[in-house]
Amino acid sequence: MTEPLVFRFNVDGSDFTSAGQASVHVKKNLRELGLPPEIIRRVSIAMYEGEINMVIHANGGVAEVIVSEDAVEIVLKDQGPGIPNVEQAMQEGFSTAPSSVQSLGFGAGMGLPNMKRYTDTMEIETEVGVGTTIRMKIFLK
Amino acid sequence: MTVRELLEQGFTEVTIPEPDREIRGAYMGDLLSWVMGRCREDAAWLTIMSNVNVIAVASLANPAVVVLTEGVTLPDEIRILAESKGVNVVSTELPSYEAAVELSKLIS
Ligand SMILES: Nc1ncnc2c1ncn2[C@@H]1O[C@H](COP(=O)(O)OP(=O)(O)OP(=O)(O)O)[C@@H](O)[C@H]1O
Ligand SMILES: [Mg+2]
């Protein structure tokens, strides 16, 4: 059993111009590890959506990607406002994104549904006023 | 059809770091999460968005080329970023629908 590999990123909540950088970085890392393209694509999509959500909705946070023998796990932790109604947030089209970011192409309310769709497991732990932690897994076998 | 061959068909080069990429299918949309979730790898992605997030989405969703329609262009610093990330970008004066019709003839 080899040790899992951990990639860790601070996601800056104030900088839209670098938003998505952690995901682009992870994609490169996973390529170098020789993971199958379809797995890399799924990890990239799920992580990007989570990363952008931390920037737009939670003023940044920390992203961790853990590559073990049987799965890639993505853990996104923020100390933002939390999600008052997770079931509603998970619905396609639901968004509280401000109009300032809508003009950049965000706010379709498709991010969380994409994260669910492209991963095998997804858990949301959230508390209003405290923050949100999202764990997603993509199995390798 | 390759991205390079698009240039002979009236599309204008913005930056083409990967000219030999083959185009398979197309997706049109400006809302980034839709594009992330639906745009296939190797497709042509038609959009009117030209901010820096387009480059991040393109390098992750990995379309063969981003096609900026309606005469949209990229600011210089974003063009340079696209180039450094290996993201192909072309532009056209055509409205989005006409550009899609044109592409559909070329890649089918
Ligand atoms: N980390 C987070 N902290 C607080 N609220 C969040 C967080 N992530 C998502 N939300 C809430 O859930 C809603 C839905 O998120 P989702 O990613 O599906 O859509 P969006 O970010 O609004 O738009 P899109 O992802 O399509 O650009 C958000 O509008 C926001 O209200
Ligand atoms: Mg989102």
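Predicted model: local features only at pLDDT ≥ 70, side-chain atom pairs only at ≥ 80, totals over all residues.
I take a pocket, on a 1 Å grid over the protein atoms alone, as an open set of points with protein on both sides within 12 Å along at least five of seven lines. A molecule sits in one if more than half of its atoms lie within 2 Å of its grid points.

Residues are numbered from 1 along each chain as its sequence is written, chains are lettered from A and ligands numbered from 1 in written order, and side-chain values use heavy atoms, without hydrogens and water.

**Site.** I looked up where ligand 1 is. Ligand 1 takes the space of the largest pocket. It lies between chains A and B.

**Shell.** I counted residues with a heavy atom within 4 Å of the ligand. There are 22 around ligand 1. Among the closest are His57(A), Ser95(A) and Thr96(A). By class I get 10 nonpolar, 10 polar (Gly is put here) and 2 charged. α2(A) gives the largest share, 4 residues.

**Polar contacts.** I listed pairs of N or O atoms within 3.5 Å. A polar side-chain atom of Ser95(A) is 2.6 Å from an oxygen atom of ligand 1. Backbone polar atoms also reach ligand oxygen: Met110(A) at 2.8 Å and Ala108(A) at 3.1 Å.

**Burial.** I checked the accessible area (Shrake-Rupley, 1.4 Å probe). Ligand 1 alone exposes 590 Å², and the protein buries 96% of that.

Notes: Polar contact = N/O pair within 3.5 Å; in protein donor to acceptor, adjacent residues only side chain to side chain. 1 Å grid on protein atoms, 1.4 Å probe; cavity = no way out; pocket = protein on both sides within 12 Å on 5 of 7 lines; lining within 4 Å. Helix = DSSP H or I, 4+ residues; strand = E, 2+ residues; numbered from the N terminus.
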